[in-house]
Amino acid sequence: MIQLGEIQTLEISKKVTFGFYLRDTDDDAEVLLPGGEISDDTPVGNQVRVFVYKDSEDRLISTTRMPKITLGELAVLEVKDVSKYGAFLDMGLPKELFLPFKEQTGRVEKGRSYLVRMYVDKSGRLCGSMKVYPHLETDSPYERDDRVEGTIYDINPKIGCFVAVDDRFSGLIPAKDNPGNLKIGDHVKARVTWVREDGRLNLMVKEKAYIQMDEDADRIFEEIMKNSGTLDLTDKSSPEEIKSRLNMSKAAFKRGVGRLLKAGKIELFDKEIVLKQEEQK
């Protein structure tokens, strides 16, 4: 049986001027493979691995191009356009995947990417949904203090940020641990703080103090390198300026600067931080 939204191997049943017709050996149903997808001299009877979807006129069609997502799977896809009916996502094919408004967990923006699951709607069309919570796994291999990565797919101010760890496992950054600048679609790095009895993971974006200090130092060092070896911020700078420039607190900034000083990478002056000469070589 030819399966919409799935990758399958079908047999060439006949050649036509505009391509080939393919069939599943278990039934008589056929689907078109347009010309240019395979060599014109491919013989009838050969098997071809294709993905089956619907064209702009809602007709079944196949392609040898492999999509970024298939039916029932989850993937992070970029928004190519937004209309009054929903959004259109890049699934790696000429036709984009429709994301209806009712299947969005928050407003999406063109150019940003979001985690979605492919499903078939009531009219038989392939669509995407950001409501992935019921489809995430709860048997992750992770334990407390493991470092993980994932995609935020929903946010509830009272509960927290819902994260698909590895875009597969169910995780949550509790509201009390939300740094406040996270958005749906963000890719985050986090630490597992608790593996719940149901297997879901509680996460914290900020690392333990000694780990975070290294990351803060790296952030400051990168900013110095971007500015030709200098940074016009010091421990006398206001917390607001440090926050706007480096997205970190003044306390974190001072710890990071201290780490760089101890490592001998920078020199600290009244109005600026300067990279040591040997670091510039």
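A salt bridge is defined here as a side-chain nitrogen of Lys or Arg within 4 Å of a carboxyl oxygen of Asp or Glu. The structure is a predicted model, in which local features need pLDDT of at least 70 and side-chain atom pairs count only at pLDDT 80 or more, whereas totals for chains, interfaces and linings use all residues. Residues are numbered from 1 along each chain as its sequence is written, and side-chain values use heavy atoms, with hydrogens and water left out.

Across the whole structure, 17 salt bridges were found. One of them joins arginine 23 to glutamate 11, with 3.0 Å between the closest N and O atoms. Arginine 23 belongs to strand β2 (residues 19-23) and glutamate 11 to strand β1 (residues 7-16), so the contact ties together parts 12 residues apart in sequence. Strands (E, at least two residues) are DSSP runs, numbered from the N terminus. Relative accessible area (1.4 Å probe, protein chains only) classes a residue as buried under 20%, exposed over 50% and partly exposed in between. Arginine 23 is partly exposed at 26%, while glutamate 11 is buried at 17%.

A salt bridge also links arginine 191 and aspartate 145 (3.0 Å, N to O). Arginine 191 lies in strand β14 (residues 187-195) and aspartate 145 in the loop between β10 and β11, so this pair connects parts 46 residues apart in sequence. Arginine 191 is buried at 10%; aspartate 145 is partly exposed at 34%. Elsewhere, salt bridges with shared partners join Asp55, Glu57 and Arg59 into one network.

With a disulfide taken as a pair of cysteine sulfur atoms within 2.5 Å, the count is zero. Cysteine 127 is buried, at 0% relative accessible area, and cysteine 161 is likewise buried at 0%.

Terms used:
Helices (H or I, at least four residues) and strands (E, at least two) are DSSP runs, numbered from the N terminus.
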